[in-house]
Amino acid sequence: MSMGGYTSTRTFQSPFLRRTETVNAGRAVFGALIGGPLYYWKKQAPIEALVLFTLELMLFVVSNRAIVSGGAIDGATPSLVLWLGAALLAPVLLPMCYRRKGWIEIATI
């Protein structure tokens with residue numbers, strides 16, 4: 001995928017419900033950075049939302065157990081990396097999700 005595909009605004013339409021979702025790179029990165037799994041859920045990407053939520057929850061539990069048991073595991077760093085990665089990959093993950101669901105990319109005017 002070229003960098004132009006990452007930064008361009010793309011619109012996808014559900015073939016059954018005729019619902020449309022637009023992926024604007026800047027807004028997608030900002031929305032995923034602020035909202036995390038909730039942003040993915042709102043954008044009709046439930047698998048991505050559940051995976052991100054589950055991984056963040058697991059990192060939270062692991063880091064809390066390490067704190068209680070006196071371990072040296074810091075869960076904040078992997079959690080931050082995961083969150084930032086999900087935000088930076090939002091312009092790629094959302095179109096992949098829509099294509100996987102059979103949505104059609106429509107031309108934007």
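Is glutamine 44 buried, partly exposed or exposed? With a relative accessible area of 25%, glutamine 44 counts as partly exposed, where buried means under 20% relative accessible area, exposed over 50%, and partly exposed in between, using a 1.4 Å probe and protein chains only. The model is predicted, so that local features need pLDDT of at least 70 and side-chain atom pairs count only at pLDDT 80 or more, while totals for chains, interfaces and linings use all residues. Residues are numbered from 1 along each chain as its sequence is written, and side-chain values use heavy atoms, with hydrogens and water left out.

**The whole chain**

Begin with the protein chain coloured by secondary structure, which shows 6 helices and 3 strands, these being DSSP runs numbered from the N terminus, with helices (H or I) of at least four residues and strands (E) of at least two. From the N terminus on, the elements follow the order α-β-β-α-α-α-α-α-β. Of the 109 residues, 32% count as buried, and the accessible surface comes to about 7,000 Å², with 71% of it belonging to carbon and sulfur atoms; such areas come from the Shrake-Rupley method with a 1.4 Å probe, and for residues only the protein chains shown count as cover.

**Two loops**

Return to glutamine 44, which lies in the loop between α3 and α4 and has a positive phi of about 65 degrees although it is not a glycine. Next select arginine 18, in the loop between β1 (10-13) and β2 (20-23), where phi is near 60 degrees, again a positive value in a residue other than glycine. Arginine 18 is exposed, with a relative accessible area of 52%. Most residues other than glycine have a negative phi.

**The nonpolar core**

Now select Val23, Ala28, Ala32, Tyr40, Leu94 and Tyr98, the residues with the most contacts inside the largest nonpolar core, which has 16 residues; a nonpolar core is a set of buried Ala, Val, Leu, Ile, Met, Phe, Trp, Tyr and Cys residues joined through side-chain atoms within 4.5 Å. Two or more residues of this core come from each of α2 (25-35), α3 (37-42), α4 (46-69), α5 (76-88) and α6 (90-100), and α6 gives the most, with 4 residues.

Centre the view on tyrosine 40, which is buried at a relative accessible area of 1%. Leaving aside neighbours within four places in sequence, tyrosine 40 is in contact (heavy atoms within 4.5 Å) with residues including Ala32, Glu48, Leu52, Ala86 and Leu94.

**Aromatic pairs**

A search of the whole structure finds 3 aromatic pairs, for which rings of Phe, Tyr and Trp (its six-membered ring) must have centres within 6.5 Å, planes under 30 degrees apart counting as stacked, over 60 as edge-to-face and the rest as tilted. Tyrosine 39 and tyrosine 40 form an edge-to-face pair, 6.2 Å centre to centre with 75 degrees between the planes, and tyrosine 39 is buried at 15% relative accessibility. Tyrosine 98 and tryptophan 103 instead form a stacked pair, at 4.9 Å and 15 degrees, and both residues are buried.

Finish by selecting leucine 84 in helix α5, which is partly exposed, with a relative accessible area of 37%. Phe30, Leu33, Ile34, Leu80 and Leu84 make a nonpolar surface patch of about 500 Å², and α2 supplies the largest share of the patch, 3 residues. Patches are made of residues with over 30% relative accessible area and no salt bridge, with like charges joined within 9 Å and nonpolar side chains (Val, Leu, Ile, Met, Phe, Trp, Tyr) within 5 Å; a salt bridge is a side-chain nitrogen of Lys or Arg within 4 Å of a carboxyl oxygen of Asp or Glu.
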